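Welcome! Please take a look at the sequence and the 3D structure below, and then we can walk through a few of its features together.

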Amino acid sequence: MLSYRHSFHAGNHADVVKHIVQSLIIESLKQKDKAFVYHDTHSGAGRYDLSDDHAEKTGEYKQGIGQIWQRDDAPEALAPYINTIRSLNDGDELRFYPGSPKVGRTLLRDQDRAMFTELHPTDFPLLLQEFRGDRQVKMFKEDGYARLKASLPPKERRGVVLIDPPYELKHEYQDVVDAMGESVERWATGTYAIWYPVVYRKNVDLITQGLEKLGIRKILQIELGVAPDSEERGMTASGMIVINPPWTLEQQMKEILPWLQTIIAPETGHQLVQWVVSE
């Protein structure tokens with residue numbers, strides 16, 4: 001369909017959780033000198049102007065990154081993520097927010113590389129503009145899952161894949177499961193970070209139960225809600241399902257999520273860090 005535009009939602013509570021988890025995984029990979037790859041299957045535009053009509057129409061960032069980027073009581077593990085925000089903005093004005101490609105690229109070292117895939121005819125040119133001439137980045141205007149399949153296993157044998165589809169269509173939840181079945185078969189030791197929205201809980205269950213049936217081990221689920229589950233249309237929570245997470249990620253998120261919830265949704269929110277499948 002390609003109707004989804006992330007520019008309406010950039011910097012919201014879902015982005016905050018997604019990019020925190022992303023940054024923690026990348027920082028963990030950097031503990032070893034050996035190079036790794038960061039692969040983004042649904043990249044979007046790269047960066048977003050929070051002063052444009054899309055972001056201002058919804059104002060979602062004001063209850064997301066706008067609440068936390070300048071706080072002085074943030075957990076120490078958030079520093080790499082927060083610094084990516086500050087590097088795009090001058091002083092106290094929050095104007096730009098990085099998409100996952102920009103977060104990932106900012107955190108890479110000289111020996112690492114990135115692969116970005118985006119199909120949207122408006123967002124792909126913006127992605128090209130953001131990273132044009134960057135020798136550590138390759139960009140593709142094609143189906144994210146097809147590019148992922150063709151790229152595994154990576155030459156480095158180390159890295160993380162971020163999977164962040166728009167979930168415009170019902171089959172996209174099953175598409176994630178199918179893609180993980182093929183990907184883990186090709187690269188069993190890679191880390192896969194899958195973002196999901198909680199619009200209808202049964203769709204999230206489809207992903208977790210589907211991954212369980214594939215026999216995949218070491219699956220960690222991380223979730224922050226801003227409202228109770230509902231049968232009404234609308235995202236009440238979001239989270240990350242991480243296959244082969246760094247050993248530090250569980251404890252880090254158990255410390256970070258309570259802090260986030262007290263700021264973003266102190267009265268109506270919830271948090272979750274649990275193993276879908278352990279080792």
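In which loop does Tyr-167 lie? This is a predicted model, and in it Tyr-167 lies in the loop between β6 and α8 (171–186). Most residues other than glycine have a negative phi, and most peptide bonds are trans. Tyr-167 has a positive phi, near 55°. Another backbone feature to look for is the cis peptide bond that joins Leu-152 and Pro-153. Here is where to find Tyr-167 and Pro-153:

| Residue | Backbone angle | Loop |
|---|---|---|
| Pro-153 | omega about -5° (bond with Leu-152) | between α7 (144–151) and β6 (159–163) |

Now for a pair of helices. The axes of α1 (residues 13–29) and α10 (residues 249–264) come within 11 Å and cross at roughly 155°. An angle over 145 degrees counts as roughly antiparallel, and α1 and α10 are therefore roughly antiparallel to each other. The crossing in which α1 passes α10 is right-handed. On the α1 side, the contact is made by His-13, Val-16, Val-17, Ile-20, Val-21, Leu-24 and Ile-25, and α10 brings Leu-249, Gln-252, Met-253, Ile-256, Leu-260 and Ile-264. Of the residues in this contact, 11 are nonpolar, two are polar and none is charged.

Helix α1 also has a part in the second largest pocket: five lining residues come from α1, the largest share. This pocket holds about 510 Å³ of space. Its lining has 23 residues, with Ser-28, Leu-29, Arg-158, Pro-246 and Trp-247 nearest the centre. By type, the lining divides into nine nonpolar, nine polar and five charged residues.

Terms used:
Residues are numbered from 1 along each chain as its sequence is written. This is a predicted model: local features need pLDDT of at least 70, side-chain atom pairs count only at pLDDT 80 or more; totals for chains, interfaces and linings use all residues. Side-chain values use heavy atoms; hydrogens and water are left out. Axes are lines fitted to C-alpha atoms, for helices over the stretch in contact, and angles run from 0 to 180 degrees between N-to-C directions. Helices (H or I, at least four residues) and strands (E, at least two) are DSSP runs, numbered from the N terminus. Angles under 35 degrees count as roughly parallel, over 145 as roughly antiparallel, 65 to 115 as roughly perpendicular and the rest as oblique. A crossing is left-handed if the near helix is turned anticlockwise from the far one by less than a right angle, and right-handed if clockwise. Contact means heavy atoms within 4.5 Å. Ala, Val, Leu, Ile, Met, Phe, Trp, Tyr, Cys and Pro count as nonpolar, Asp, Glu, Lys and Arg as charged, and the others, Gly among them, as polar. On a 1 Å grid over the protein atoms alone, a cavity is a set of points where a 1.4 Å probe fits but cannot get out, and a pocket is an open set with protein on both sides within 12 Å along at least five of seven lines; lining residues have an atom within 4 Å of a point. Grid points are joined across faces, edges and corners, and a volume is the space filled by probe spheres set on the points.
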